[in-house]
Amino acid sequence: PKLDVRFDVAELVRRVPLFAGLPSERVATIATLLRAQLALPGETIVRKGDRGDAMFFIASGAVEVLVPMLAEPVKLGTGDFFGEMALLSRQRRNADVRALGYCQLLVLDEKDFRRLVQKDADLQSHIQAVAEARRQPTQSS
Ligand code: CMP
């Protein structure tokens, strides 16, 4: 049987620091673009080599990123995001991302991502800066 879990998306959006400081009207608009998804423990959410068609915000829980260059997986938690690099670079997913337990995710599809960053320069530069730091081989967050 398919698991049907409903979340209050606006309430989850507020847990992401990137959005938390925004006026509630803006949060409400962004919430309409995000889709809640529950990842199960051990589930591979993003697979290296796949085409990227969305990015993900962690509303609760943790994931590990298996970065090919690094000996240890990079752990990301509540408020962090992943899957932005393929959208920004238009290249394939550069790592596997696996859920460490039950994870509440907010999914932003590629077309909504492009619209959102086009309209919000601050959001775009923040996501770009994080992606840039992750591109450094010694950087782990
Ligand atoms: P993407 O390439 O779309 O899919 C894999 C994701 O893993 C990538 O986007 C980033 O979000 C994330 N990622 C890759 N390298 C690192 C890193 N060094 N630290 C943290 N996250 C990373």
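Reader: What is the bridge partner of Leu38 in β8?

Author: Leu38 is bridged to Gln104 in β8. The model is predicted, so local features need pLDDT of at least 70 and side-chain atom pairs count only at pLDDT 80 or more, while totals for chains, interfaces and linings use all residues. Residues are numbered from 1 along each chain as its sequence is written, and side-chain values use heavy atoms, with hydrogens and water left out.

Reader: In what order do the strands of the open sheet stand?

Author: The order is β1-β8-β3-β6, four strands with antiparallel pairing. β1 and β6 are at the edges, each with a single partner strand, so one side of each has no neighbour in the sheet. The link from β3 to β6 consists of two bridges and is antiparallel.

Reader: Why is strand β8 called mostly covered?

Author: Buried means under 20% relative accessible area, exposed means over 50%, and partly exposed is in between (1.4 Å probe, protein chains only). Six of the seven residues of strand β8 (residues 103-109) are buried.

Reader: Why is the pair of Phe56 and Phe82 called stacked?

Author: Rings of Phe, Tyr and Trp (its six-membered ring) pair if their centres lie within 6.5 Å; planes under 30 degrees apart count as stacked, over 60 as edge-to-face and the rest as tilted. A search of the whole structure gives three aromatic pairs. In the pair of Phe56 and Phe82 the ring centres are 5.1 Å apart and the planes are at 10 degrees, so the pair is stacked. Phe56 belongs to strand β3 (residues 54-60) and Phe82 to strand β6 (residues 81-82), 26 residues apart, and the pair links distant parts of the chain. In the sheet, Phe56 stands opposite Phe82 in β6.

Reader: Why do Phe56 and Phe82 count as buried?

Author: Phe56 has 7% relative accessibility, so it counts as buried. Phe82 has 3%, so Phe82 counts as buried too.

Reader: What lies over the face of Phe81?

Author: Arg134 does, at 5.3 Å from the ring centre. A charge sits over a ring if NZ of Lys or CZ of Arg is within 6 Å of the ring centre and within 35 degrees of the ring normal. Phe81 also forms one aromatic cluster with Phe19 and Phe57.

Reader: Which residues does Ile30 touch, and is Ile30 buried or exposed?

Author: Contact means heavy atoms within 4.5 Å. Not counting residues up to four places away in sequence, Ile30 touches Phe19, Leu22 and Leu116. Ile30 is in helix α3 (residues 24-33), and with a relative accessible area of 0% it is buried.

Reader: Why is Arg90 called exposed?

Author: The relative accessible area of Arg90 is 63%, so the residue is exposed. Arg90 lies in the loop between α4 (84-89) and β7. Its phi is near 55 degrees, a positive value in a residue other than glycine.

Reader: What makes up the two faces of strand β7?

Author: In strand β7 (residues 96-99), Val97 and Ala99 form the covered face, and Asp96 and Arg98 the uncovered one. In a regular strand the side chains alternate between the two faces of the sheet.

Reader: Which strands are joined to β7?

Author: Strand β2 (residues 44-46) runs antiparallel to β7 with two bridges, and Val46 has Val97 as its bridge partner. Strand β4 (residues 62-66) is joined to β7 by four bridges, also antiparallel, with Leu66 opposite Asp96.

Reader: How do you know that the protein chain is as compact as a globular protein of that length?

Author: The chain has six helices and eight strands. Its radius of gyration is 14 Å, close to the 14 Å that the globule rule gives for 141 residues, so the chain is as compact as a globular protein of that length. The radius is taken over C-alpha atoms, and the rule is 2.2 Å times the number of residues to the power 0.38. Buried residues make up 40% of the 141 residues.

How values were computed
Pairing = 2+ DSSP bridges.
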